[in-house]
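Please keep the sequence and the model in view while reading.

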Amino acid sequence: FIARNKIEDFSTKKILPHEYTMGGPKQDRLNLVNAAGAFFSQIFMVYNDEKQIIENEILPKYLSKKPDIDVIDDLNVQNIVYIIDDINDIELIQKTLSDKTLLIADGHHRYETSMNYAKQNPENEYAQYVMSYFTNASDENLIIYPTHRIIEKEIKPEIILNSVKKYYDIEIINNKQDFLQKIEEENQKQITTGLILKNDKNYYVLKLKKDANKEINAPEVLQNLDLTVLHELILKKELNFTQDELMSQSGIKYEKKENVAFNAINENANAVFIMAYPKMKDIINISSQGYRMPQKSTYFYPKLLSGLVINPLR
């Protein structure tokens with residue numbers, strides 16, 4: 001469901017981020033909201049309600065009605081929206097969420113922009129709330145996709161392969177589908193990442209060597225994250241990426257679409273790291289302890305269209 005949520009500083013621990021943000025996108029979004037006086041996209045918030053009160057007690061009443069919005073987007077996804085205007089339903093939603101901690105699944109830049117806008121406009125009551133899309137972590141339909149790493153920096157593929165051999169045991173797979181399946185199977189047992197290299201028909205499954213992640217100067221909860229291992233041991237230590245380069249995507253790109261990541265190796269990429277599907281429990285553990293994952297770690301699905309619902313601020 002979509003609703004306005006009171007903007008909270010992260011220090012209150014009522015709303016938890018799980019990724020780092022970049023300055024450029026935040027300034028861009030602030031310029032947009034100042035010009036338009038409205039937000040066009042929702043923050044994607046996740047809460048946890050194992051009883052699924054909203055799904056069981058409110059949803060069925062609306063599914064029997066004609067939708068207020070019914071549109072198919074350019075990805076051929078049907079977006080159906082019902083207006084919840086029954087005060088009893090609204091109060092039940094408020095009650096259900098009243099003691100919940102919210103995790104920002106997507107929209108960290110937009111949320112921090114909302115915080116900045118609220119501080120700049122303290123007299124504007126509307127500015128103190130942010131339009132959010134809430135979904136239940138207990139909903140089996142919630143999917144978290146990985147974001148893959150495309151290496152465009154001029155580094156010879158053999159250097160990349162020799163670098164990963166220091167920290168990972170390598171299994172060579174000849175088939176793409178077997179490769180993807182193997183990554184997920186092995187990732188249930190240990191940190192596992194995939195690698196494809198330019199002018200190389202092999203698919204490499206990288207299984208982290210025992211205690212290799214202990215070399216990372218970070219809390220244990222972050223040491224046990226595949227992206228932390230990749231960023232700290234391979235990208236920074238071995239391939240000499242700076243933090244600024246990683247943040248600004250200089251010589252590296254972050255890509256959520258699997259087919260685009262694979263195709264990049266035939267274009268201007270020297271290597272592509274294929275990431276395993278993120279685990280919700282890892283995201284919650286990291287954010288609840290006050291830490292954040294590397295930027296562009298997750299891609300939560302489903303997402304709503306921008307402009308489907310608009311939140312005017314003046």
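In which sense do strand 12 and strand 15 pair, and over how many bridges? The two strands are antiparallel and are joined over four bridges. Within this pairing, Gly194 has Ile274 of strand 15 as its bridge partner. The model under discussion is a predicted one.

Strand 12 (192–197) belongs to an open sheet of six strands, whose order is 11-13-12-15-10-14 and whose pairing is antiparallel. From one strand to the next, the twist averages 25°. Strand 12 also pairs with strand 13 in the antiparallel sense, again over four bridges, and here Thr192 stands opposite Lys207. The hairpin of strand 12 and strand 13 has five residues between the strands, and Asn199 takes a positive phi near 60° in it. Elsewhere in the sheet, three bridges connect strand 10 (residues 148–151) with strand 15 (residues 271–274) in the antiparallel sense, with Ile151 opposite Ala271.

Helix 9 lies across strand 10, strand 11, strand 12, strand 13, strand 14 and strand 15, and runs at about 20° to strand 10.

In soluble globular proteins, nonpolar side chains tend to be buried together. The largest nonpolar core of this model has 45 residues, of which Ile151, Ile160, Leu195, Leu235, Phe273 and Phe300 touch the most other members. Helix 9 (residues 226–238) gives the most to this core, contributing six residues. Leaving out residues up to four places away in sequence, Phe300 touches a set of residues that includes Phe44, Val46, Ala105, Ile144 and Met280. A second, separate core comprises 18 residues, among them Met45, Tyr47, Tyr111 and Ala118.

A further open sheet has five strands in the order 1-8-4-7-2, with mixed pairing. Its edge strands are strand 1 (2–6) and strand 2 (15–16), each of which pairs on one side only. Strand 2 runs parallel to strand 7 (residues 102–106) and is joined to it by two bridges; Ile15 has Leu102 as its bridge partner there. Helix 5 (residues 108–120) packs on this sheet, touching strand 2, strand 4 (43–47), strand 7 and strand 8 (129–136), and its direction makes about 120° with that of strand 7.

The loop between strand 1 and strand 2 contains Glu8. This residue has a relative accessible area of 18% and is therefore buried, the cut-off being under 20%. Beyond its neighbours within four places in sequence, Glu8 is in contact with Lys14, Ile15, Tyr111 and Met115.

Aromatic rings complete the picture. The structure holds 10 aromatic pairs, and one aromatic cluster is formed by Phe1, Tyr47 and Phe134. Lysine side chains also lie over ring faces: Lys153 is over Phe241, at 4.4 Å from the ring centre, and Lys176 is over Phe262, at 4.2 Å from the ring centre.

Definitions and conventions
Residues are numbered from 1 along each chain as its sequence is written. This is a predicted model: local features need pLDDT of at least 70, side-chain atom pairs count only at pLDDT 80 or more; totals for chains, interfaces and linings use all residues. Side-chain values use heavy atoms; hydrogens and water are left out. Rings of Phe, Tyr and Trp (its six-membered ring) pair if their centres lie within 6.5 Å; planes under 30 degrees apart count as stacked, over 60 as edge-to-face and the rest as tilted. A charge sits over a ring if NZ of Lys or CZ of Arg is within 6 Å of the ring centre and within 35 degrees of the ring normal. Two strands pair if DSSP finds at least two bridges between them. Contact means heavy atoms within 4.5 Å. Axes are lines fitted to C-alpha atoms, for helices over the stretch in contact, and angles run from 0 to 180 degrees between N-to-C directions. A nonpolar core is a set of buried Ala, Val, Leu, Ile, Met, Phe, Trp, Tyr and Cys residues joined through side-chain atoms within 4.5 Å. Buried means under 20% relative accessible area, exposed over 50%, partly exposed in between (1.4 Å probe, protein chains only).
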